[in-house]
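Open the model in your viewer and keep the selection tool at hand. We will go from stop to stop, and at each one you will hear what to select and what is there.

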Amino acid sequence: MRQLTLDNGLRVVLDARGDAPAVGVAVHYGTGFRGDPVGRSGFAHLFEHLMFQGSGRVTPGEHFSVVQGSGGTAGGSTHQDHTDFYQVAPTAALERLLFLEADRMAGLRLTEEGLRAQLRVIREEIRTQVTGRPYGGFPWTVLPGVLYTSYANGHNGYGDVEGLHDVTPEECAAFHDTHYAPSRAVLTVCGGFDETEAAELVRRHFGPLPPRPAAGPVSLAEPPPAGTRTGTREDGHAPLPALALGHRMPDPARRLPAYVAHMVLSALLTGTARGLLTRRLVATTGLAAAVRSACGFFGPLQARDPDTFHVVVTRRPEAAPEDVLAETDDVLRLLARQGPTPGALERTRAQIRVSLARGYDSLLQRTRHTGAFTLLHDRAELADDLPGLVAATGPDDVATAARSLLSTPRAVLGLRSTREAAPA
């Protein structure tokens with residue numbers, strides 16, 4: 001793996017993977033929905049859409065047609081602290097992919113008509129993905145607003161389309177100029193290519209881009225909750241009520257092993273049907289129809305601090321939320337006192353390592369995660385380091401993670417099903 005920084009501030013990661021017949025290219029920009037301007041909830045999400053509406057030498061929609069015509073696929077996504085754009089194609093298409101990404105980093109083709117069209121697309125996306133489906137956006141669009149108090153950490157990142165109705169192309173151009181500057185980005189190239197040739201292509205296409213004054217990172221610092229915070233949400237489509245618990249996690253920049261211990265804890269709790277919390281809530285007590293837990297709303301290590309450990313329980317209508325909380329805490333107390341059994345810990349660590357290996361066999365996932373790890377944590381090699389960090393997690397580390405969840409005030413978000421006046 002080779003890393004370099006261009007004169008304009010663009011960081012580049014070249015991850016050559018032998019004779020692979022394909023190449024992945026991703027650009028991660030250091031702005032996500034936690035960087036939405038106040039009063040512009042959803043602006044980063046809107047901008048993800050606008051990045052496909054044409055640039056200096058590329059017409060609207062042409063980015064997709066060029067990549068697909070080369071035998072590849074392309075996409076983009078908005079996360080808490082970054083927005084990424086990615087494509088995978090045969091290696092012969094590498095220069096075309098770099099040209100496309102450099103062209104839209106240089107500047108966008110912004111029109112009033114294109115802006116209004118994308119606002120309509122996002123409005124429909126929110127309807128189909130959030131407001132018009134069971135458990136839509138639950139809990140990631142709502143739980144942050146209960147656990148955190150700052151606008152950056154707590155607002156709904158999917159966005160408020162009505163609050164964006166008066167956005168202008170000029171405002172979007174200014175946002176691109178400062179937030180999509182080369183110094184705010186990481187370019188990742190992964191797959192089958194020659195490093196020397198790839199470095200020359202990168203310099204050819206991205207080197208001429210001038211440096212631009214860039215926006216600084218948004219401050220995400222806020223004190224942890226002083227006590228339990230609660231909230232409620234109504235859902236007219238959900239067949240059963242639900243409960244989401246949110247806990248702040250250790251800062252991965254300062255306490256990476258502790259963060260990884262929470263990943264192991266999550267897998268022990270709900271990673272399989274034999275998970276300790278799954279068995280307790282579903283099989284033993286019958287309080288829940290399903291339960292899951294995770295580190296981060298978009299996966300482990302996909303955000304800066306503060307990140308969120310969350311548990312989501314789809315509970316039976318007759319089950320009291322207080323009973324679900326009590327049983328959950330009882331399982332955590334057991335782990336905090338005794339830690340996991342050697343057999344359970346070994347199975348869980350193996351399960352995670354196999355999952356990581358399978359995931360990073362995907363050229364797309366490896367490309368995207370390498371770029372995110374570089375941008376967010378300054379650790380391009382983290383995809384290769386994670387299996388070892390998981391293997392090094394011992395029973396005391398898991399017990400400490402469980403104690404941390406028990407000792408730190410949490411957020412409790414209840415979802416009430418209003419479908420046919422279902423009881424909550």
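**Stop 1: an arginine in a loop**

Select Arg304, which is partly exposed because its relative accessible area is 28%, between the 20% and 50% cut-offs. Bear in mind as you look around that this is a predicted model. Arg304 is found in the loop between β9 and β10.

Now show what surrounds the residue. Leaving aside neighbours within four places in sequence, Arg304 is in contact with Arg34, Asp81, Leu220, Leu375 and Leu376. Which backbone oxygen does the side chain of Arg304 reach? The oxygen belongs to Leu375, and the distance is 3.3 Å. For one more distance, pick the C-alpha atoms of Arg304 and Ala253: they are 8.1 Å apart in space, while the two residues are 51 residues apart in sequence.

**Stop 2: the five-stranded sheet**

From the loop, move on to the strands. Colour the open sheet of five strands in its order, β7-β11-β8-β10-β9, and note that the pairing is mixed. The edges are taken by β7 (229-235) and β9 (288-295); each has a single partner strand, so one side of each is left without a neighbour in the sheet. From one strand to the next, the twist averages 15°.

Next, select strand β8, residues 242-248. Is this strand mostly covered or mostly open? Mostly covered: seven of its seven residues are buried.

- Strand β10 (residues 308-315) runs antiparallel to β8, and seven bridges join the two. Gly246 has His310 as its bridge partner in β10.
- Strand β11 (residues 411-417) pairs with β8 in the antiparallel sense over five bridges. Look for Leu415 of β11 opposite Ala242, and for Leu413 of β11 as the bridge partner of Ala244.

**Stop 3: the six-stranded sheet**

Select the open sheet whose six strands come in the order β1-β2-β6-β3-β5-β4, again with mixed pairing. Its edge strands are β1 (2-5) and β4 (73-78), each pairing on one side only. Here the twist averages 15° from one strand to the next.

Zoom in on β4 and strand β5 (residues 83-90), which run antiparallel and are joined by six bridges. Which residue of β5 is the bridge partner of Thr78? Thr83 is.

Helix α2 lies across β4 and β5, running at about 135° to β4. Helix α13 (residues 363-377) packs on the sheet with contacts to β1, β2 (11-16), β3 (22-29), β4, β5 and β6 (185-191), and its direction makes about 30° with that of β3.

**Stop 4: the aromatic rings**

For the last stop, show the aromatic side chains. A search of the whole structure finds 14 aromatic pairs. Start with Phe47 and Phe175: the ring centres are 5.0 Å apart and the planes stand at 50°, so this pair is tilted. Phe47 sits in helix α1 (residues 43-50) and Phe175 in helix α7 (residues 169-179), 128 residues apart, so to speak a link between distant parts of the chain. Both Phe47 and Phe175 are buried.

Compare Phe52 and Phe64, an aromatic pair that is stacked, with 4.6 Å centre to centre and 15° between the planes. Phe52 lies in the loop between α1 and α2 (62-69), while Phe64 lies in helix α2, twelve residues apart. Phe52 is buried, with a relative accessible area of 8%, but Phe64 counts as partly exposed at 27%.

Finally, select the whole aromatic cluster: Tyr29, Phe43, Phe47, Phe52, Phe64, Phe85, Phe175 and Tyr180 form one group.

Note on methods: Residues numbered from 1 in each chain as written. Predicted model: local features only at pLDDT ≥ 70, side-chain atom pairs only at ≥ 80, totals over all residues. Heavy atoms only, no water. Phe/Tyr/Trp six-rings, centres within 6.5 Å; stacked < 30°, edge-to-face > 60°. Helix = DSSP H or I, 4+ residues; strand = E, 2+ residues; numbered from the N terminus. Buried < 20%, exposed > 50% of the residue type's maximum accessible area, 1.4 Å probe, protein only. Pairing = 2+ DSSP bridges. Axes fitted to C-alpha atoms, helices over the stretch in contact; angles between N-to-C directions. Contact = heavy atoms within 4.5 Å. Polar contact = N/O pair within 3.5 Å; in protein donor to acceptor, adjacent residues only side chain to side chain.
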